[in-house]
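Please look at the sequence and the structure as I go through them.

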Amino acid sequence: MTRVIVVGSFNLDHAWTAGSLPHPGETIGGRYASGPGGKGFNQAVAAARAGAGTTFMCALGDDDAGAAARAMAKADGIELRVARSESPTGTAGIFVAADGANSIVVAPGANADLSPEFVEDHAGAIAAAGVLLAQLEVPVPAVRAAMRLARGAGVPTVLNPAPADAATTPDLLALCDILVPNETEFAALVQRHLGEVIAAQAVAGLDDATLHALCRQLLPAGHVVVTLGAAGCFASHPDTAPDHAGGGGPIAFQRLAAQGVAVRDTTGAGDAFCGALAASLALDRRAAFGHHMRFANRYAALSSERPGAAVAMPRRGELVARFGD
């Protein structure tokens, strides 16, 4: 039960790096690179390189990009469960500034063809997993089917509600044990489900009690981990969450500062966090939640020192060498 199963997207990334992000109507010079990505695939690679056996459930086209996905998955020991599609494999255009800021446009392609029926055909793999991890770059019905199967089998569910404009519904949140939004996604969830307007850039500055109260309204029975970029991350826990570290009773919330690193490209940092968190949970369910949170925080930080998305994910040995156990 130490396997992570990721249900999500694969995109072939086309990335341009320049001194700053272009303004509307502006043409600037930069450097180009291409490589595998997609939030689902990034998270699957992160989970695998963080040390967990990993299965990736996705839809791919019969093209060079799909072949690239298969080749990299094989290189990282990731088991693929692939729904074939007549559409081209998904793509993304990524613009990265010198300070690591980025803007991304995604064309889903084959990702849109991942169906609930395909997911249900693989119910046995989901039931055998230690953790199920999903995002929303594939159709919500497929994600809902996966989370429902996992919940029925007693497998913890982790949802990264990205992109921010994806249709998170109350029934989808009800199937979630751990919700991991970034600041933009958190602000969108709060507005959609609670009717409150909070600027994304203001989320990190909210006091812990206010942030915790909002998280409890969003997901009363589950954990919410908000990734805050340069400000680190914040976790809010349900009232029933035990303090596995012992001593003081349940911990309501906790905040970690960002790990100090030389940031180069933050493109896949949120995916690195999600994949590493899922891997840590699968490998040691008895550890305190703060242990998993610290591992994911460090893993995401280290990934930002390298350009790219999936290719930037560090291996567990690199993390230990850099930060220790």
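Strand 2 (11-17), helix 1 (39-49), strand 6 (90-96), strand 7 (102-107), helix 7 (183-194), helix 9 and helix 10 (289-303) each give at least two residues to the lining of the largest pocket. Helices (H or I, at least four residues) and strands (E, at least two) are DSSP runs, numbered from the N terminus. This is a predicted model, in which local features need pLDDT of at least 70 and side-chain atom pairs count only at pLDDT 80 or more, while totals for chains, interfaces and linings use all residues. Residues are numbered from 1 along each chain as its sequence is written, and side-chain values use heavy atoms, with hydrogens and water left out.

The volume of the largest pocket is about 1200 Å³. Of its 50 lining residues, N182, T266, T267, A269 and G270 are the closest to the centre. A pocket here is an open set of points on a 1 Å grid over the protein atoms alone, with protein on both sides within 12 Å along at least five of seven lines; a cavity is a set of points where a 1.4 Å probe fits but cannot get out; and lining residues have an atom within 4 Å of a point. Grid points are joined across faces, edges and corners, and a volume is the space filled by probe spheres set on the points.

How many cavities of 30 Å³ or more does a search of the whole structure find? The search finds one. Its lining includes D265, T266, T267, S303 and M313.

I turn now to the core. The largest nonpolar core has 46 residues, and V4, F41, F56, I178, V180, F273 and Y299 touch the most other members. Helix 9 (residues 269-283) supplies the largest share, nine residues. Such a core is a set of buried Ala, Val, Leu, Ile, Met, Phe, Trp, Tyr and Cys residues joined through side-chain atoms within 4.5 Å. Buried means under 20% relative accessible area, exposed over 50%, and partly exposed in between (1.4 Å probe, protein chains only).

Next, consider H122, in the loop between helix 3 (116-120) and helix 4 (123-127). Why does H122 count as buried? Because its relative accessibility is 16%.

Nine strands form an open, mixed sheet in the order 5-4-1-8-9-10-11-12-13. Its edge strands, strand 5 (79-85) and strand 13 (253-256), each pair on one side only. Two strands pair if DSSP finds at least two bridges between them. Strand 12 (residues 233-236) pairs with strand 13 in the antiparallel sense over four bridges, and F234 stands opposite R255 in strand 13.
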